[in-house]
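Dear colleague,

I am handing over the structure below, together with some notes on what was found in it. Please read the notes with the model open beside you.

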Amino acid sequence: MRERAIVIGSGAGASVTSMVLAHNGWEVVVFEKGPHYIQGWEKPGPIKTVFSNDELKFDRNFDQPDPISEPRTFQAKQGGDLIVGVVNPLASVVGGGTTHWDAKVPRFWDVDFSKKSMLGDFPGADIEDWPFDYDEIAPYYERIERLMGAQGDQAAIPDVVLEHAPGKRGFVMPPGPQQLSSTTIAKGCRAIGLHPYPFPMAINSRHHLGRPACNDCGQCSDYGCPIGARIGALAIMQHAHQTGHVEIHADTMVDRVIHDGKRATGVRYIDRRGKRHTMDAKVVVMSCSAIETSRLALLSNLPNPHDRIGRDMMFHNFMDGFGIFTAQRMHAYRGRSITMCCEDFADPDYVGARAFAKLNGIPYFRGGIMEIGGSEDVIGEGTELQFILDALGSAPGIKPFGTTFKTLMRASLLRDRLAGIDFIGEDLPYPTNRVQLDPKVKDFRGVPVPRLTYSQGKHEHIASLFYIPLITALLKAAGADAIGAALPESVVNSLTGANIPHGAHVMGGMRMGKDPRTSVTDGTGRVHGMDNVFVADGSVFPSSGAQNPTNTILATALRNATKNFGHGADHLGRDHEEAA
Amino acid sequence: MPEQPVPDHPAPDQSVPGPLKPSRRQVVGAIGAAPLLTLGPTVLRGERSRSSTPDTPDKAAPKRFRFFTEHEGAVIKAAAARLIPGPDDDPVEKLYNSPGASEAGVVYYIDTMLAAFSFRVPKIFAGGPWSNRHLAGWGDHENYMKEFVPPVPRQEWAWRRRIRHLQKQYRSAVKQLDAAAGGDFSKASQSAQDQALMKLGDVRDMIFTNSIEGMYSVPEYGGNRDTAGWKSVYWPGDSQRRGYTAAEVEHSDGPDVLVLTPTLEAVLGDLGIVSAARRVRRQRMLGVNRIQVEGTGQSDA
């Protein structure tokens, strides 16, 4: 008779943990508070879905919590102005954020895992090494990349990346077509001495395991894939399901882990009719993504003797650069949402970075990976132009609507002529950046919502100042007809009012570590002081890294679950599987 | 739900606007300048002429609104036509013969949204995985977007509140527009309508946001009639199941030189605003979520 393990959430961390549990003799029950939009993922072959090329549907929060029924609250500092509404939501559907991600799977670097050893302390930040180093996690990365069905080109990975993240990737297929917008910005990168390369991503570039190759429809990032060329973590959940010992409850929210301070005995959950129930379990795994897992831990009064739960939240230091091309259209709306990346700026020893840090009185800083070549979709361009025309409303002779608006839509400066850079800089863990329960605001179920307190620190500020001129320079180098710019956060903040972090890279709050005074979970993601409560998502990260986090969430969850629950899934994602 | 495999790259239906020729597009950004008037006929070529269009629903027997009264519908239609004008609303748009909110039926999009819960399945989330509108004649014809996806409780809770709020706002907007126009807004002169919209910033914001949605969303939501909105911005729209070929992804369609006008220069001269707009969009605070609704969440306060 199998014993029951409950996994809360159904995204990246949950899929891996469910797979390992199910292959080690557990009966797994998965609770997902969001709905179920994909059928047929349970076995190799085509899927059926209601995801589609429909920008409005995703604007209408089809796959994300609606800020009316499930708001969050935000303040820049403790006691500051409180905003109630949209605060960095992640898709909450079966499959989690990996249903609508752009499926980029770069790896973190050695300096991320061995942060304190390799870079040292940083004033005001909680700098620690992870419980493991790059060499330990590397084989797990490779298995994850195979399980996800990653596309990429090992030979094209530049030396600066291999120096810090060596080894063979688990690419099972080559990169697909390169977007014009990406290759154009890549030229600019090369012109200033950088090393762009085809972005590793978990999207089919050819038919794979019964699912079709991507046809480059372009409505990719922020959309669910209509054809199943990208099913994210469900590709891994499939291996759990195939044991016959996994069941998934959608539209069902767990609001308590029931425990006695030492052992959990189960969970309390709210079904889709709003009724509360309980379910017993021998193991409880929280993988709700970093903000929601911190919320659940606080709701459940998990042991928190040193007030560490929810602290050290990290979101990445996102910066926006863009080139606008006046001599041709870049049609970034075709293709798989950015096909090139460039990691040179993740290097703490990038030329001039150490000297600039010293000049500004800090020990070091890091930028991060750049996603190069994205732009806006059509409703996005329209609403941005509405915002822009409002802001320019006082300019003489400019009516903020009418033919002015249509002229701009036809010219398409922001969609068809734009090629952007998403700079994903490292965000240091500051203990003051934290998730708490909001004392007043509740969601539609009556459950207190998470309140985020967050401001960037000196590290992010100095890194931005250093990299902005370089981003602008490479955008200009990308084409004589390009008008390129990147702007400091401070300028953008002054124009937008609030710096609510965005970008859906959510990490920290339940960080791993040896010392319960400075961490919430142990070296395998088990909550300190609890026998059988585990965390498997980005909340366990002690540092944010400088790359898209999902590959690392998956690899970390695989490593931790294997240590905690056994080796029964070790055959999955191995090299020899590829022929199958 | 379809069972067919996805075709690699079947030929697109001829009705899909293909890549536009540079000759036609080079003038795209260059409006507002008198000399351009001489380009009129060339610009018009290939675009649907409004006068030759067979009766569109709003020209035939008046279509009943589900939420709006006839007067409210007329006012919102007129306001939307000032915000996103078509050939009958603005001489420049006539020059381009570029459809606007009236031609795209934006008022029916807004009416459908406000009456979303009057349908058997609330018209909030169109279905999937694709519409087949670009693949008529290739295998499976069914438009799966037509079948709306029933909202789950968390969505219904939010949307009932959002729509109730919007219904009140629209009722009030019509009254405010009429008052500002000194009578029936829909019958006021274009300049009086513009002045009213300039004066009523919040009303304009709301109608503009929803008009943008109604203009460029998939037609299943009630707007973007005959994909007029997409044609007006030279975008093919939803591309599944065809997608794009490798060549279409990788290569330029050819030169397309933007002629800078004062409007374009104003935007390009203030890239801080562009960056701010991109940020606010990424924070998901534009569009649907831009409209604040009282009673968000529940509060003990």
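**Notes on the model**

B:Pro129 lies in a loop of chain B, between helix H6 (106-114) and helix H7 (153-180), where helices (H or I, at least four residues) and strands (E, at least two) are DSSP runs, numbered from the N terminus. The model is a predicted one, in which local features need pLDDT of at least 70 and side-chain atom pairs count only at pLDDT 80 or more, while totals for chains, interfaces and linings use all residues. Residues are numbered from 1 along each chain as its sequence is written, and chains are lettered from A and ligands numbered from 1 in the order in which they are written.

The peptide bond that leads from B:Gly128 into B:Pro129 is cis, with omega near 15°. Another cis peptide bond joins B:Gln240 to B:Arg241, with omega about 5°, and B:Arg241 is placed in the loop between helix H10 (228-232) and helix H11 (246-250) of chain B.

Two residues other than glycine have a positive phi: for A:Ile338 the value is near 85°, and for B:Asn224 it is near 45°. A:Ile338 is found in chain A, in the loop between strand E14 (317-325) and strand E15 (340-342), and is buried, with 27 other C-beta atoms within 10 Å. A residue is called buried if 20 or more other C-beta atoms lie within 10 Å of its own, exposed if 12 or fewer, and partly exposed in between, with C-beta atoms placed from the backbone. B:Asn224, in the loop between helix H9 (201-216) and H10 of chain B, also counts as buried, with 26 C-beta neighbours inside 10 Å.

In chain A, 5 strands form an open sheet with parallel pairing, in the order E8-E2-E1-E12-E22; two strands pair if DSSP finds at least two bridges between them. Strand E8 (246-249) and strand E22 (533-535) of chain A stand at the edges with a single partner strand each, so one side of each is left without a neighbour in the sheet. Within this sheet, strand E1 (residues 3-8) and strand E12 (residues 283-286) of chain A pair in the parallel sense over 4 bridges, and A:Ile6 stands opposite A:Val284 in E12(A).

Finally, 97 residues of chain B are in contact with 93 residues of chain A, contact meaning that the C-beta atoms of two residues, placed from the backbone, lie within 7 Å. To the side of chain B that touches chain A, H13(B) gives the most, with 12 residues.

With best wishes
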